[in-house]
Amino acid sequence: MDLGVLLPSLIPSLQSVYVLVSYFVYLAVAGELLPGKVIRGVVLSDGSQLRYRCNGLFALTLLVAILGISAKLGIVSPLVVADRGLELLSATFIFCVLVTLVLYITGRSSSDKSSSLKPHVSGNLVHDWWFGIQLNPQFLSIDLKFFFVRAGMMGWLLINLSILAKSVQDDSLSQSMILYQIFCALYILDYFVHEEYMTSTWDIIAERLGFMLGWWLLHNKVELTVPAIVANCFVFLIGYMVFRGANKQKHIFKKNPKTPIWGKPPVVVGGKLLASGYWGIARHCNYLGDLMLALSFSLPCGISSPVPYFYPIYLLILLIWRERRDEVRCAEKYKEIWAEYLRLVPYRILPYVY
């Protein structure tokens with residue numbers, strides 16, 4: 001790439017900052033004002049439960065409608081993300097660094113003793129900045145962790161729609177682009193349909209808040225054979241079934257431990273750990289589904305280059321690292337119960353392999 005063109009495009013313009021700020025302001029206002037189901041989170045170590053307003057699908061639908069009408073009236077260009085992608089990327093990166101530094105400073109100075117806001121300080125600045133200090137920091141009553149997860153999922157769809165608009169304008173729409181767009185849209189919409197399941201995931205209940213493909217198809221037209229399309233759809237559907245099924249089973253179990261799994265009474269170790277359904281196949285079976293979905297997003301790009309496979313490779317490394325940390329945490333928390341669970345469910349993510 002021409003560095004003379006690349007480097008200037010990485011400098012955020014006022015328009016890219018305006019787009020980013022407007023997006024976050026909308027999410028904050030919509031998240032607080034739009035109607036939605038209020039969900040109680042899992043019980044934290046101090047017995048408290050956070051509340052989450054799950055109105056993401058409403059907020060996303062309204063946002064897409066507003067942007068669609070604005071584009072029709074010429075107020076906003078549907079190509080703003082596709083044309084200013086690098087500017088928005090650098091603006092978002094700078095924003096993330098600043099936010100996590102503020103979280104680090106406010107976290108260290110907090111004297112709150114609740115599970116959500118109690119500071120966890122190791123003394124290592126880089127470690128505390130990267131992993132975060134507080135479990136559920138808030139700003140103006142907004143749970144920032146839940147907020148930023150929602151921002152990422154909605155932003156993903158907006159990026160894709162802008163790239164789709166660009167490909168239509170350039171008359172470069174391909175089967176691969178259509179397949180990629182459908183898979184991602186289904187995944188994102190499904191997330192918001194089942195947004196309440198997010199409240200019982202590792203990200204929300206255990207990870208503290210710290211720092212931690214479409215353009216390829218726009219510039220590299222890939223035509224897939226019918227068998228390749230069928231195989232890609234198969235990977236997506238199996239991945240979705242495992243990912244959504246496993247997360248749903250875990251969420252329902254935490255709400256009512258006696259609910260049948262696949263038509264049978266659940267196998268529960270020590271009254272706490274589910275060893276039925278997907279959770280009897282592998283200890284982190286939901287990660288397998290997530291990895292298959294990530295792979296299905298990249299497969300429409302073909303196999304001519306490893307570049308489109310950055311996301312599934314990155315996710316594989318991230319999830320293995322997270323799974324290892326989760327196992328250490330569970331061993332300390334559940335002790336002999338965890339040892340019995342390991343005996344019943346010996347595989348971590350992929351049965352008979354890992």
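Which side chains meet in a salt bridge at 2.7 Å, N to O? Those of Arg343 and Glu340 do. The legends below start elsewhere and return to this pair.

The model is predicted: local features need pLDDT of at least 70, side-chain atom pairs count only at pLDDT 80 or more, and totals for chains, interfaces and linings use all residues. Residues are numbered from 1 along each chain as its sequence is written, and side-chain values use heavy atoms, with hydrogens and water left out.

**View 1. Phe24 and Phe95 form a stacked pair.** The whole structure holds 18 aromatic pairs. Rings of Phe, Tyr and Trp (its six-membered ring) pair if their centres lie within 6.5 Å; planes under 30 degrees apart are stacked, over 60 edge-to-face, and the rest tilted. The ring centres of Phe24 and Phe95 are 4.7 Å apart, with planes at 25°. Phe24 sits in helix H2 (residues 14-33) and Phe95 in helix H5 (residues 85-109), so the pair ties together parts 71 residues apart in sequence. Helices (H or I, at least four residues) are DSSP runs, numbered from the N terminus. Phe24 is buried at 15% relative accessible area. Phe95 is partly exposed at 27%. Buried means under 20% relative accessible area, exposed over 50%, and partly exposed in between (1.4 Å probe, protein chains only).

**View 2. Phe24 also pairs edge-to-face with Phe148.** Their ring centres lie 6.1 Å apart, and their planes stand at 90°. Phe148 belongs to helix H7 (residues 144-169), so its pair with Phe24 of helix H2 joins parts 124 residues apart in sequence. Phe148 is partly exposed, at 23% relative accessibility. Ring pairs link Tyr23, Phe24, Phe95, Phe147 and Phe148 into a cluster.

**View 3. Arg325 lies over the face of Trp321.** The distance to the ring centre is 4.4 Å. A charge sits over a ring if NZ of Lys or CZ of Arg is within 6 Å of the ring centre and within 35 degrees of the ring normal.

**View 4. Glu195 makes a polar contact with Arg150.** The two side chains meet at 2.8 Å. A polar contact is a pair of N or O atoms within 3.5 Å; within protein, one must be able to donate a hydrogen and the other to accept it, and residues adjacent in sequence count only if both atoms are side-chain atoms. Glu195 is in the loop between helix H8 (175-193) and helix H9 (202-205). Glu195 is buried, at 1% relative accessibility.

**View 5. Glu327 and Arg348 form a salt bridge.** A search of the whole structure finds 11 salt bridges. Each is a side-chain nitrogen of Lys or Arg within 4 Å of a carboxyl oxygen of Asp or Glu. For Glu327 and Arg348, the closest N and O atoms are 3.8 Å apart. Glu327 is in helix H13 (residues 310-334), and Arg348 is in the segment after helix H14 (336-344), 21 residues apart. Both Glu327 and Arg348 are buried. A network of salt bridges links Arg283, Glu323, Arg324, Glu327 and Arg348.

View 6. Arg343 is exposed, with a relative accessible area of 57%. Glu340 is partly exposed, at 31%.

Definitions and conventions:
Helix = DSSP H or I, 4+ residues; strand = E, 2+ residues; numbered from the N terminus.
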